[in-house]
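Visitor: I would like to go through the terms used for this model. Please set each value against its definition.

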Amino acid sequence: MVSFDGVWLSYGNLARPDSAAADSVLSDVSFEIQDGGFRWLTGPSGAGKTSLLRLIYLGGRPSRGRVELLGLDPERLRARERAMLRRRIGVVYQDFRLLGHLSAYENVALPMRLAHRPEAKIKADATEILHWVGLGAKLDSLPGALSGGEQQRIAIARAVVGRPKLLVADEPTGNLDDEQAERLMMLITALNRLGTTVVIGTHNLGLVARHPAPRFELAAGRLTRHD
Amino acid sequence: MINLFARDDPLGLRWALADRLLPLLVGAMSFIAALAVAGCLAAASLAGQWQGDGASALTIQIPDPQAAAAIGPGSRLTAVLGLLGGAPGIAATRPLSAEEINALLTPWLGADAGALGLPVPAIITANWTGAGPPDAVAAALARVAPGTLLSSGTLWAARVAALTGSLQTCAAAVLIIVAGIAAAIIAIATRAGLAQRREEVVIIHSLGALDADIAGRFADRATRLAGVGGVAGTLVALPVLLWLAALAAPFAGPAQASGLPHLSAALWAVLPFLPISAALIGWGTAQITVRGWLRGLA
């Protein structure tokens with residue numbers, strides 16, 4: 001389960017009530033997503049989608065309130081336990097965050113290496129997923145030699161290759177054409193059916209309409225819709 | 001360290017942690033450390049030798065040796081020899097012959113010093129094996145043969161010991177300062193490496209790498225570079241140490257006074273620990289620096 005309870009995120013001083021609301025990126029956000037759930041997260045640019053997703057993938061800590069991820073309270077975890085929790089969360093970053101000096105294959109293999117998977121399984125799974133996202137012929141290519149869409153597909157492959165319990169994606173189709181976007185949604189839907197909890201942040205309402213699912217909507221850091 | 005990144009270098013550390021500057025600076029520190037260690041050991045060795053030779057040697061001068069002793073029968077010389085023979089802590093008592101005394105006087109009075117008829121004291125050499133200065137023996141000698149002089153090396157030995165102690169303290173201070181500078185250099189280099197590879201570190205961290213894994217990668221690289229610097233610095237110090245050993249050879253006893261200069265076994269035993277120490281400082285400093293930096297991440 002993913003649960004937010006009265007979560008604020010601010011870069012100001014929350015101890016000063018007069019400045020808190022003005023500086024808050026997220027204000028009093030509360031929701032729950034059951035295991036195996038699927039949520040779209042929509043809202044205009046600057047609404048706080050990326051900040052909320054960061055809190056879900058442990059990219060930041062809330063200024064106030066309580067976050068629970070996969071049944072765990074990250075604030076109560078030690079560094080090693082937080083790292084173990086991160087390994088159960090697949091993330092597709094808006095800016096891809098690929099390692100530029102590693103090949104497409106090595107980028108995708110990295111999460112499994114971190115999880116100490118056997119090399120034979122790493123090779124089989126990484127190769128398979130890269131073929132699935134249409135990059136089977138570019139296993140050895142460096143990200144810098146690939147287009148934005150291809151880099152995004154590597155990022156997606158890296159996020160899903162370890163079959164995470166929770167998948168968080170921030171504009172995962174932003175650089176993909178319609179056909180690739182649909183293939184990606186097939187992949188994510190299949191993972192969701194296998195039990196992965198999915199949260200996708202997007203401003204592509206057409207994509208949301210083609211794949212109906214419960215939706216959160218953010219506006220100015222506040223949850224204005226909660227299906 | 002687990003075989004986590006065996007197939008690659010995901011942090012790209014081969015482009016970070018300056019692979020020339022760091023070994024060069026650590027090498028310079030190792031060079032200074034080698035000189036400090038050698039100085040410390042040499043001071044200890046020379047002091048031990050000088051203290052052993054000087055502190056135990058006694059020289060007794062008996063003016064007018066054939067005159068009657070103040071206490072007991074016989075001459076002053078006989079009385080002194082008798083007293084020394086039964087005194088605790090006195091060993092290897094030996095009166096110098098007339099030829100030996102003449103040989104000692106020759107530089108000042110010429111080869112025929114004995115023929116000048118000058119009143120020459122009798123001289124006795126002995127070894128002092130007791131604790132502390134032989135003041136009680138000197139007092140007893142003055143009673144049986146007033147005017148007898150007893151010279152011992154204990155005062156000089158005490159001064160040499162004090163000098164040695166201060167030299168060793170200086171050397172230890174130099175070693176501590178050098179180790180501190182080396183740690184600071186490695187910490188700065190590691191922080192520069194973290195700044196340079198920040199993006200990669202953050203990505204690996206977000207994918208679930210343990211702090212120990214990331215710190216271990218930096219520590220491995222720092223250990224290697226510091227170790228290389230340590231080996232180079234120590235090797236460069238060797239010819240300098242041999243040259244210094246050659247300069248010090250005349251003061252290091254007859255065994256070292258001839259032949260090629262050589263370093264003591266103790267120094268040979270200690271020198272290999274300099275690169276090892278440099279590598280350990282590299283490992284520990286990188287671990288502490290990276291783990292501290294990672295604590296700042298979410």
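**Pocket and interface**

Guide: The second largest pocket is lined by Asp125(A), Glu128(A), Ile129(A), Trp132(A), Val160(A), Val161(A), Arg163(A), Met186(A), Leu187(A), Ala190(A), Leu191(A) and Leu194(A). This is a predicted model, in which local features need pLDDT of at least 70, side-chain atom pairs count only at pLDDT 80 or more, and totals for chains, interfaces and linings use all residues. Residues are numbered from 1 along each chain as written, chains are lettered from A and ligands numbered from 1 in the order written, and side-chain values use heavy atoms, without hydrogens and water.

Visitor: What makes a residue part of the lining of a pocket?

Guide: A lining residue has an atom within 4 Å of a point of the pocket, which is an open set on a 1 Å grid where a 1.4 Å probe fits, with protein on both sides within 12 Å along at least five of seven lines. The space in the second largest pocket is about 300 Å³.

Visitor: Which classes make up the lining of the second largest pocket?

Guide: There are 9 nonpolar, no polar and 3 charged residues. Asp, Glu, Lys and Arg count as charged, so Asp125(A), Glu128(A) and Arg163(A) belong to that class.

Visitor: Why is the pair Arg87(A) and Asp213(B) called a salt bridge?

Guide: The term requires a side-chain nitrogen of Lys or Arg within 4 Å of a carboxyl oxygen of Asp or Glu. In Arg87(A) and Asp213(B) the closest N and O atoms are 4.0 Å apart, so the pair meets the rule. The count between chain B and chain A is 1 salt bridge.

Visitor: How many residues of chain B are in contact with chain A?

Guide: With contact meaning heavy atoms within 4.5 Å, 25 residues of chain B touch 26 residues of chain A.

How values were computed. Grid points are joined across faces, edges and corners, and a volume is the space filled by probe spheres set on the points.
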